[in-house]
Amino acid sequence: SDTIHLTRGLPVPQGISKPAFLAAIDDLKSALGAEHVQLNDTEIKNGWYMEHPNTHDMMPLFDFEEFVASAVVYPSCVAEVQMIVRWANKHLIPIFPISMGRNLGYGGAAPRVRGSVTIDLGKRMAKILSINEDDFTCLVEPGVSFYALHEELQRRGLGDKMWIDTPDLGGGSVVGNTVDRGVGYTPYGDHWACHSGLEVVLPGPDAQVLRTGMGALGVGGENTWQCFPYGFGPYSDGIFSQSNFGIVTKMGMTLMPNPGGFESFMYTFPNESDLAPLMEIIRPLRISNILENVAQLRHGLQTLSVKGHPRTKYYSGFGPMPDAIVRTELEKTATGACAWVYYGMSYGPAPIRKLKLDLIDSAFKQIRGAKKIDPATLPADEYFWSRDRIASGTPDLEELKWVNWMPNGAHAAFSPVSPIRGADATKLYELAKKRHMEAGIDLMPAFCVGLREMHLIVEIVYDAADAGMRRRAEKCLRDMIDDAAALGYGEYRTHIALMDQVAGTYSWNDHALMKFNNQLKDSLDPNGILAPGRCGIWPQRYRNRGWEL
Ligand code: FAD
């Protein structure tokens, strides 16, 4: 399953002949060096998380050849990125930028339009340009991963002074994750909110470069670029996240001061019906910052699946695994039989932590049967310690284990946002449960609690080699998106295959927001070359011509 032969041949982008495309590729090779342009004409490889493909999605929701690049180019500097943009404008070839392409669950490295030329920014543009010890900030290129930034802090002896914030997996790009508005689990978990300053190559024929915020100053902008994100005038950074309006070549990021101590805690709750009262308890604690980090409330099944065993170890029947089996299996583990597990962290010196932890303890124990698990009783390989590392800024890979739940494990996420309220959590949980039941798929929800909202992340784990299961997974996702929209919930992020549907749910006032996005697209990218279709935004020459899914 590792090598995939391209049965449909070289995926030449629609609207250009193969000879014209190959001639254009030769032009690009002459400009960048042949070794920095790679054509996908015979086969592509899957690899695994740390050696992931940059040509396609190694966890496909559709056929592997549906969302696949025709070629991959590796620029080494901003001037080369500009050169590629001018080249794409000249030949009307769609290009798709990735920082590292580990966007698994949301389409991986795959372009939305088959045959796009992928710009792999990360391979040769991977410098940490600065780490400022006074301001606790850094400036990075797209190829800097969470691991690389963390290791560099340790190498410079700054590990005790400042922390990074990492998502569940540390192999992704700081820039790529942040521009897709990803999340981590320290108090700096909202990555987009924590960035400061971008450098962007625009997609027009002249491939102009701009810097946002204080970086736009004519002289000396570097001084405050990473300290104050807004600069003067309209705040433009937002249009370069989850969009196709520019290619980010540098980004500033804030770093968290070491809080002087930290302590993870884990509570279990026995019943599914504890969800609503628990949310009512979590909300005021979170808004007042007694609960300090982007913590997770996970379903018991996810705690079981992250042990890394295949589902068949526990159950081989069709349809969702019965609750009774989940409870029996959890009974044998550190959490014991339970419906929900809360993983959190308290920060600061011990006396300060104690005040907060005591408040949390008495609040959580209002739920009958709530249990605090003593970390001293947990073995070193218990998942709790992975959450402990992540919530204290140390990158990890443990989270990958739940992907083993199915053979050829792949996953795609349903990720709606809601207030932190019992009624909202229940409605979303119930609709997900109903649709999973219909699709015969195990339900593994995790509520990631921000400050005044929560992202419900429902990961559907499916067998990528089973076309029937892929279709069931897709239907389940599409049904949940529609059900949620009818109740007033929208996704914070989605898979490339579902972007048109999700964008369509943000339809207030006759799709005023999409009309605005289209206006921006037409003005910034008149030839429609940059990531057509990303986040449902189609350039003029593609619009209403049957590209939407
Ligand atoms: P990329 O794939 O490089 O970028 C993502 C997208 O952003 C690209 O497709 C592209 O469209 C756009 N983009 C990237 N770079 C640029 C640029 N320079 N200019 C313009 N556009 C650009 N994600 C989370 O956020 N939090 C989690 O906790 C989390 N947990 C996960 C757990 C598991 C088990 C798995 C498999 C995935 C998880 N993910 C999570 C999803 C994903 O792995 C991460 O978000 C990852 O950081 C994204 O990949 P990347 O950083 O390589 O970004």
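Mentor: Happy to. One term comes first: a helix here is a DSSP run of H or I with at least four residues, a strand is a run of E with at least two, and both are numbered from the N terminus. Keep in mind too that this is a predicted model.

Let's begin with helix H2. Just after H2 comes Leu92, which takes a positive phi of about 55 degrees. The helix itself covers residues 78-91, 14 residues in all. From its first C-alpha to its last, H2 reaches 20 Å, close to the 20 Å expected at 1.5 Å a residue. Its buried residues are Val78, Glu80, Val81, Gln82, Ile84, Val85, Trp87, Ala88 and Asn89.

Helix H12 can be read in a similar way. It holds 18 residues, 422-439, and should span 26 Å at 1.5 Å a residue; its end C-alpha atoms are 26 Å apart, so the two values agree. Among the buried residues of H12 are Asp424, Leu428, Tyr429, Arg435 and His436. Gly440 follows H12, and its phi is positive, near 70 degrees.

Now to the ligand, the part you asked about. There are 30 residues around the ligand, and Ser99, Arg102, Ser173, Tyr185 and Arg493 come nearest. By class, this shell has 15 nonpolar, 10 polar and 5 charged residues. Strand E5 (95-98), helix H4 (174-179) and strand E12 (247-254) each supply at least two residues of the shell. H4 gives the largest share, 4 residues.

Some of the contacts can be followed atom by atom. Ser99 places a polar side-chain atom 2.7 Å from a nitrogen atom of the ligand. Arg493 has an N or O atom in its side chain at 2.8 Å from an oxygen atom of the ligand. As for cover, the ligand taken alone exposes 960 Å², and the protein buries 96% of that.

Methods: Residues numbered from 1 in each chain as written. Predicted model: local features only at pLDDT ≥ 70, side-chain atom pairs only at ≥ 80, totals over all residues. Heavy atoms only, no water. Near = heavy atom within 4 Å. Polar contact = N/O pair within 3.5 Å; in protein donor to acceptor, adjacent residues only side chain to side chain. Areas by Shrake-Rupley, 256 points an atom, 1.4 Å probe, with all protein chains shown as cover. Nonpolar A, V, L, I, M, F, W, Y, C, P; charged D, E, K, R; others polar. Expected span 1.5 Å × (residues − 1). Buried < 20%, exposed > 50% of the residue type's maximum accessible area, 1.4 Å probe, protein only.
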